[in-house]
Amino acid sequence: MTSDGFSFSTDYFELFGLQPAIDIDVQALRDAFMQLQRQYHPDRFAAGSATEKRLAVQITSYVNEAQQVLNDPLMRAAYCLKLRGVDTDNETDSSMPADFLMEQIELREELEEIEDASEPYEQLETVRDQLQERQNEFQSETRDCLASDDLDGARAAVRKWQFMHKLDREAQSIEARLDDNH
Amino acid sequence: MAYSDKVIDHYENPRNVGKMDAKDKNVGTGMVGAPACGDVMRLQIKVDDAGVIEDAKFKTYGCGSAIASSSLVTEWVKGKTLEEAAAIKNMEIAEELALPPVKIHCSVLAEDAIAAAIEDLREKRGEKTESAA
């Protein structure tokens with residue numbers, strides 16, 4: 001086996017033979033991922049030199065990381081922007097539209113009250129539907145902005161999407177806690 | 001991750017949690033958020049006629065370090081003028097709370113929140129805001 005020709009500077013889309021985009025062929029990603037996993041599986045380098053073994057492990061972890069990013073719509077969108085030189089995660093930029101942050105706080109307050117509500121599951125479902133809807137909106141917005149090369153707009157949409165995604169994760173853990181207590 | 005005693009103290013006994021009337025002309029509201037962790041912070045200050053901060057409230061949805069940073073800032077700004085409050089730097093917060101490097105951004109959030117609250121108040125009072133960030 002050989003790992004010649006593998007480059008760690010290959011972007012994730014290229015790695016799986018995909019076009020960089022918000023929407024991808026999920027089946028094609030799966031197929032290409034499995035093929036690369038087989039190709040660089042460390043077991044296949046068992047007879048190789050220490051360098052080759054180490055390289056196989058590094059490639060495998062690079063491929064896994066790439067798959068995780070591309071398989072998640074939000075991470076994929078942020079990665080699309082990163083490829084175009086836009087950082088969505090800049091920790092020193094905390095300015096978000098005030099009305100958006102108001103909505104965040106209201107949603108957080110709603111989530112906070114759910115555990116003491118009389119019909120917690122129903123309320124949770126309502127909030128989660130709302131969160132899903134908002135995430136879909138920001139996904140479309142990101143797609144539209146990218147299509148018209150509006151990188152600032154795409155960045156703003158991804159940042160909002162990240163907040164909604166995070167809230168949905170919180171909602172999921174509330175659901176898990178409810179399940180534990182019932 | 002191990003939190004410092006001061007972070008734990010502020011987290012378990014947050015000071016000045018609450019809300020003030022955002023429409024009050026003597027109340028400035030600052031809201032900021034960090035997309036990477038999903039933290040949201042609302043910080044409000046109330047000034048007296050002399051322009052001295054007489055009260056401060058906050059509500060933070062986030063990790064312990066973010067809550068502690070905003071709690072600490074509400075304590076620090078009381079009794080300060082807007083100029084003095086605006087001079088608070090995130091590294092002072094981070095040092096006081098002994099925040100580890102990965103949590104420094106929580107103190108940045110608190111600094112940004114107080115800056116936003118001061119700006120909101122100055123706009124309300126018809127004062128010119130500094131253009132420099």
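**Salt bridges, a sheet and an interface**

A search of the whole structure, which is a predicted model, finds 17 salt bridges over all chains. Side chains of opposite charge can pair when their charged atoms come close. One salt bridge joins Arg128(A) to Asp168(A), with 3.0 Å between the closest N and O atoms. Arg128(A) belongs to helix H6 of chain A, residues 120-147, while Asp168(A) belongs to helix H7 of chain A, so this pair ties together parts that are 40 residues apart in sequence.

Chain B contains a sheet. Strands of a sheet pair through backbone hydrogen bonds, either parallel or antiparallel. In chain B the sheet is open and has 3 strands in the order S1-S2-S3, with antiparallel pairing. Strand S1 (27-34) and strand S3 (53-61) of chain B are the edge strands, and each of these pairs on one side only. On average, neighbouring strands of this sheet are turned by 15 degrees against each other, if direction is ignored.

The pairing of S2 and S3 in chain B can be followed residue by residue. Strand S2 of chain B covers residues 39-47 and pairs with S3(B) in the antiparallel sense over 8 bridges. Val47(B) stands opposite Ile53(B), a residue of S3(B). Elsewhere in the pairing, Arg42(B) stands opposite Lys59(B), which is also in S3(B). S2(B) and S3(B) form a hairpin, with 5 residues between the two strands. In the turn of this hairpin, Gly51(B) has a positive phi of about 85 degrees.

Two helices of chain B lie across these strands. Helix H2 of chain B, residues 64-77, lies across S2 and S3 of chain B and runs at about 175 degrees to S3(B). Helix H5 of chain B, residues 104-124, lies across S1 and S2 of chain B and runs at about 145 degrees to S1(B).

Which residue of chain A forms a salt bridge with Lys59(B)? The partner is Glu112(A), and the closest N and O atoms of the two residues are 3.7 Å apart. Across the interface of chain A and chain B, 1 salt bridge is found. The count of residue pairs in polar contact between chain A and chain B is 5.

On the side of chain A that touches chain B, helix H5 (98-114) and helix H7 (151-181) of chain A each supply at least two residues. H5(A) gives the most to this side, with 8 residues. The residues on this side of chain A divide into 6 nonpolar, 5 polar and 8 charged.

The interface can also be described as a whole. In it, 19 residues of chain A are in contact with 17 residues of chain B. The size of an interface is often given as the accessible area lost when the parts come together. Chain A and chain B bury about 1600 Å² between them, and 64% of this area is on carbon and sulfur atoms.

Notes:
Residues are numbered from 1 along each chain as its sequence is written. Chains are lettered from A and ligands numbered from 1 in the order in which they are written. This is a predicted model: local features need pLDDT of at least 70, side-chain atom pairs count only at pLDDT 80 or more; totals for chains, interfaces and linings use all residues. Side-chain values use heavy atoms; hydrogens and water are left out. Two strands pair if DSSP finds at least two bridges between them. Helices (H or I, at least four residues) and strands (E, at least two) are DSSP runs, numbered from the N terminus. Axes are lines fitted to C-alpha atoms, for helices over the stretch in contact, and angles run from 0 to 180 degrees between N-to-C directions. Contact means heavy atoms within 4.5 Å. Buried area is the accessible area (1.4 Å probe) that two parts lose on being put together, summed over both. A salt bridge is a side-chain nitrogen of Lys or Arg within 4 Å of a carboxyl oxygen of Asp or Glu. A polar contact is a pair of N or O atoms within 3.5 Å; within protein, one must be able to donate a hydrogen and the other to accept it, and residues adjacent in sequence count only if both atoms are side-chain atoms. Ala, Val, Leu, Ile, Met, Phe, Trp, Tyr, Cys and Pro count as nonpolar, Asp, Glu, Lys and Arg as charged, and the others, Gly among them, as polar.
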